[in-house]
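This note concerns the pockets of the structure shown below. Please read it alongside the model.

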Amino acid sequence: MKIYLDNAATTQLDTEVFKAMTPYLLEHYGNPSSHHAHGREAKLAIENARATIARLINASPEEIVFTSGGTEADNTAILSTIRVQQIKNVITTPLEHHAVLHLLENLEKQGEIKLNYLTINKQGEIDLDELEQMLQNNERSLVSVMHANNEIGNLNDIDAIGEICERYNAVFHTDTVQTIGNYRHDLQKLKAHFIASSAHKFHGPKGVGFLYCRKGTGLTKLLHGGSQERQLRAGTENIHGIIGLAKALEIAYQEIDEHQTYIQGLKDRLIAKLTEQIPGVSFNGNSAIADKSLYTVLSVNLPFTSVNLLSYLDQHGVSVSGGSACSTGFASHVLQAINADASGYTIRFSFSKFNTAEEIDFTVAALAAVYRSVAA
Ligand code: PLP
């Protein structure tokens, strides 16, 4: 049995997405910048994909820029704000993905920005009053706060953060890489200037994503060259990837409520069975609280360190991710920031529509066997 419970890292490509992509590899292979029929066909397909994505997130097609994924979308949003709007004060959290944190740390080191971190409590929550105070006491700022954390699944209230940012005329970037395709985003309501997405997190292909940039916000390019993407992103477009991205998002939106219920059911089952069969198990951050965490992620702290659980599960055919605040060599900045219990072994389980209850039961049985052998 091979079980994949690492869907926050990447997801299985949906067969329907693959089917939508293949004609753009085999038949419609024109370069969208070419003016002949092959090129026009490719260009039209890209613009249709852009319109589809814009419709789904309630934005305008001009507000969507295709990128190579989440990292490029995050980097473009942040660098654009700093370089085009000349904003030098940045407010973020210690729990952001490295696509955000490493860039910001680097910019701080170069003296380009002043970086301020919001305080995180033991649960990994931020305090919106503190955000408001920071905005009050500083010059115009960029606020970069992720929607859902990829390790512990904590959800931030991006609607409320957007409202606060609007009140203080701050630019708001939110890394929505883990939530696009899992929740509906309505950019007429959400007061964000930038959101980032990556297709492989919702059953699309790897190496493609998009940046939403609110009209009038101002973008700068990272790549110089051709005039693709309205001069914002040079390089021949990843056309089959873009087609796959739009198709994957379309499928995700069609099935969103049904999948949320189904996947939350799998997560609840895992929480209940682990709690029942492994005394001392705990859950990091807000991971186990349904309305405060991403339903596709569960970060579990297992009360034994004598076994390398990642390898053990791997040998039993179960693929998961680790992460530990202790000394296993994989020190996670997220677990360290929330001061996670370092006496246990942390495993991140992350689910998709393709997982089953049987897979959850098999995984718990494997872990319970370790518990019994350690306890014996
Ligand atoms: N942001 C978050 C929250 C992520 O989980 C990831 C990927 O793991 C990224 C950004 C980077 O996305 P990509 O791998 O598409 O560049």
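1. Helix 7 (residues 158-167) supplies three residues to the lining of the largest pocket, the largest share of that lining. A pocket here is an open set of points on a 1 Å grid over the protein atoms alone, where a 1.4 Å probe fits, with protein on both sides within 12 Å along at least five of seven lines; lining residues have an atom within 4 Å of a point. Helices are DSSP runs (H or I, at least four residues), numbered from the N terminus.

2. The model is predicted: local features need pLDDT of at least 70 and side-chain atom pairs count only at pLDDT 80 or more, while totals for chains, interfaces and linings use all residues. Residues are numbered from 1 along each chain as its sequence is written, and side-chain values use heavy atoms, leaving out hydrogens and water.

3. The largest pocket has a volume of about 460 Å³, a volume being the space filled by probe spheres set on the points, which are joined across faces, edges and corners. Its lining comprises 21 residues, and His 147, Leu 155, Asn 156, Asp 157 and Ile 158 lie nearest its centre.

4. Because domain 1 (3-9 + 256-375) and domain 2 (15-252) both give residues to its lining, the largest pocket lies between them. The domain bounds come from an automatic or database domain assignment.

5. The second largest pocket has a volume of about 270 Å³. Of its 20 lining residues, His 97, His 98, Asn 150, Gln 178 and Lys 201 are the closest to its centre. Helix 4 gives the most to this lining, with three residues.

Methods: Helix = DSSP H or I, 4+ residues; strand = E, 2+ residues; numbered from the N terminus.
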